[in-house]
Amino acid sequence: MRSVRRSAVLLLAALAGLTSCGIPTTGVVEAGGPAGGVVPRVRVYFVHDDVLVPVLRQTADPVGVEAAVRLLFQGPTAEERARPLTTLLPGQEAVEAPAPTDGATPAPPAGGSDLSDAVTVTSDDSRVTIEVSVPLSGVDGLAADQIVCTALDAQRIAAPTTAPRPVTVTDPHGRRVEATGRRCPAG
């Protein structure tokens, strides 16, 4: 009985010490911005020596096919061109997009030709369709492969447990290519 009483007294003393440790309560402390998570990244595909090369890009937008294809149409950054990477998408020779310093999506400078608005992406349960309003150099060539591989990779990132849907690319003349990514390099 004596040990039970002694244990009870020690327990009460410990609880009293914990509840009155002398630290005052505080409210919300405003210190900095909200917690951040992982910055979304997507692969876009450029060309080096007639071979597709995947490049990781950070985006402020949620990862999806449309965001990824719009990034692709902004062309390689100055740093990527120095590697040397290029694109076969039209109008990119005029784009001088500076390399981003904060990991954000590069923005083309004034006077550049950002063709990201030249793309319309639609999808259903069985297919992703990408309509390009500017002519592609050979709808079944590397230019179309750049778009297809970028779209397929974006699908894999956005829904990693689902097989990507086939992609159809259509140019302004109605020529189209349907692809499943067999010509895409492993990222």
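Me: Which strands does helix 2 lie across, and at what angle does helix 2 run to strand 3?
Reply: This is a predicted model. Helix 2 covers residues 65-73. It lies across strand 3 and strand 4 (128-132). Its angle to strand 3 is about 160°.

Me: Which strands does helix 4 touch?
Reply: Helix 4 spans residues 142-158 and packs on the sheet. Its direction makes about 145° with that of strand 5. The strands touched by helix 4 are strand 4, strand 5 and strand 6.

Me: In what order do the four strands form the open sheet?
Reply: The pairing in this open sheet is mixed. From one strand to the next, the twist averages 15°. The order is 3-4-5-6.

Me: Why is one side of strand 3 and of strand 6 left without a neighbour in the sheet?
Reply: Strand 3 is 119-123 and strand 6 is 176-179. Both stand at the edges of the sheet.

Me: Which residue in strand 6 does Thr-170 stand opposite?
Reply: Strand 5 is made of residues 167-170. Strand 5 pairs with strand 6 over four bridges, in the antiparallel sense. Opposite Thr-170 stands Arg-176.

Me: How many nonpolar residues are in the contact of helix 2 with helix 4?
Reply: The two helices pack at about 140°, with axes 8 Å apart. Residues from helix 2, including Val-65, Leu-72 and Phe-73, meet residues of helix 4, among them Ile-147, Ala-151 and Gln-155. By class, the contact has three polar and no charged residues; the nonpolar ones number eight.

How values were computed. Residues numbered from 1 in each chain as written. Predicted model: local features only at pLDDT ≥ 70, side-chain atom pairs only at ≥ 80, totals over all residues. Heavy atoms only, no water. Pairing = 2+ DSSP bridges. Axes fitted to C-alpha atoms, helices over the stretch in contact; angles between N-to-C directions. Contact = heavy atoms within 4.5 Å. Nonpolar A, V, L, I, M, F, W, Y, C, P; charged D, E, K, R; others polar.
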